[in-house]
Amino acid sequence: MTDTGTASEISTPVQLPPLASALRRLYFLRFGFAVVWAIALVAVTSVAAPGPLFTTLLIVYPLVDAAAVIWQLRAERGGSSSRVAEWINVVMSVVAAVALGWASTVSIGAALAVWGVWAVVAGISQLVAALLRRRAGGQIPQVLSGGISVFAGLGFLFQGLGGGASATGIAGYATLGGIFFLVSAIRLSVLLRRAARG
């Protein structure tokens, strides 16, 4: 549920970064992806036993998350103090994709446990990145999203270790993450409009 936004708070007179417009488009895309992905996951798990499509969906989500973070890292091109945390996020997302590919063929419980570990690590790295980037403004959604990811991840982990047999909670997790992206995109739209008016 990683939110890679760097927009300033509406009430804070911080100059928008040059890539603000591109970030807005990325956030809208990630919101749309999260919603479509969640719907697909619910549909797949409700009509049949876990199979190749279920495995594919679980693998794709962390890979898209990693790709989005890499995109931002390349776009920023600076010596941001949050880059280490973000690269850790990328590496762990790729590892999670591989682990989910295996776990999803074992059982839903195994997949939930792996997803939970990834969500915790991703949430922690997101919180660290937000704290290191706090002077840039616009970090409240990142802090909230990161914190929720940690707690949700622990819930998935315990659910998986307890033999959980339903993956619908993951769809809710993805949808909530998408909502944070939507909030960031809307905020950026407002800020860009204000900046255009001078």
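Me: How far does helix H4 reach from its first C-alpha to its last?
Reply: This is a predicted model, in which local features need pLDDT of at least 70, side-chain atom pairs count only at pLDDT 80 or more, and totals for chains, interfaces and linings use all residues. Residues are numbered from 1 along each chain as its sequence is written, and side-chain values use heavy atoms, with hydrogens and water left out. The expected span of a helix is 1.5 Å times one less than its number of residues. For the 25 residues of H4 the expected value is 36 Å, and the reach from first C-alpha to last is close to that, at 36 Å.

Me: How many of the 25 residues of H4 are buried?
Reply: A residue is buried under 20% relative accessible area, exposed over 50% and partly exposed in between (1.4 Å probe, protein chains only). H4 is mostly covered by this rule. The number of buried residues in H4 is 18.

Me: What order of elements does the chain show from the N terminus on?
Reply: Helices (H or I, at least four residues) and strands (E, at least two) are DSSP runs, numbered from the N terminus. The chain has six helices and zero strands. Read from the N terminus, its elements run α-α-α-α-α-α.

Me: Which residues does UniProt list for "transmembrane region"?
Reply: UniProt positions are given in the numbering used here, feature names are shortened, and annotations may be inferred rather than shown by experiment. In the model, residues 110-132 are 100% helix and 0% strand, with end C-alpha atoms 33 Å apart. Residues 170-192 are also 100% helix and 0% strand, and their end C-alpha atoms lie 33 Å apart. The unreviewed UniProt entry lists residues 27-47, 53-73, 85-104, 110-132, 144-164 and 170-192.

Me: How far apart are the end C-alpha atoms of helix H2?
Reply: Helix H2 covers residues 52-76, which is 25 residues. At 1.5 Å a residue the helix should span 36 Å. The distance between its end C-alpha atoms agrees with this, at 37 Å.

Me: Which helices are included in what covers the buried residues of H2?
Reply: The buried residues of H2 are Phe54, Thr55, Leu57, Leu58, Tyr61, Pro62, Asp65, Ala66, Ala68, Val69, Gln72 and Leu73. Contact here means heavy atoms within 4.5 Å. What covers these residues includes H1 (20-47), H3 (83-106), H4 (108-132) and H6.

Me: Which residues does Pro62 touch, not counting those up to four places away in sequence?
Reply: Pro62 sits in helix H2 and counts as buried because its relative accessible area is 0%. Leaving out residues up to four places away in sequence, Pro62 touches Ser93, Ala96, Ala97, Leu100, Trp115 and Trp118.

Me: Which residue meets Asp65 in a salt bridge?
Reply: A salt bridge is a side-chain nitrogen of Lys or Arg within 4 Å of a carboxyl oxygen of Asp or Glu, and the structure holds one. The pair links distant parts of the chain, with Asp65 in helix H2 and its partner in helix H1, 35 residues apart. Both residues are buried. At 3.1 Å, N to O, the partner of Asp65 is Arg30.

Me: Is Leu29 buried or exposed?
Reply: Leu29 lies in helix H1. Since its relative accessible area is 62%, Leu29 is exposed.

Me: How far apart in space are Ser21 and Leu188, C-alpha to C-alpha?
Reply: Ser21 belongs to helix H1 and is partly exposed, with a relative accessible area of 27%. Ser21 and Leu188 are 167 residues apart in sequence. In space, C-alpha to C-alpha, their separation is 7.6 Å.

Me: Which residues make the nonpolar surface patch of about 470 Å²?
Reply: Patches are made of residues with over 30% relative accessible area and no salt bridge, where like charges are joined within 9 Å and nonpolar side chains (Val, Leu, Ile, Met, Phe, Trp, Tyr) within 5 Å. Helices H5 (140-161) and H6 (168-197) each supply at least two residues of this patch. Ile179, in H6, is partly exposed at a relative accessible area of 40%. The patch is made by Ile140, Leu144, Ile148, Leu176, Ile179 and Val183.

Notes: Accessible areas come from the Shrake-Rupley method with a 1.4 Å probe; for residues, only the protein chains shown count as cover.
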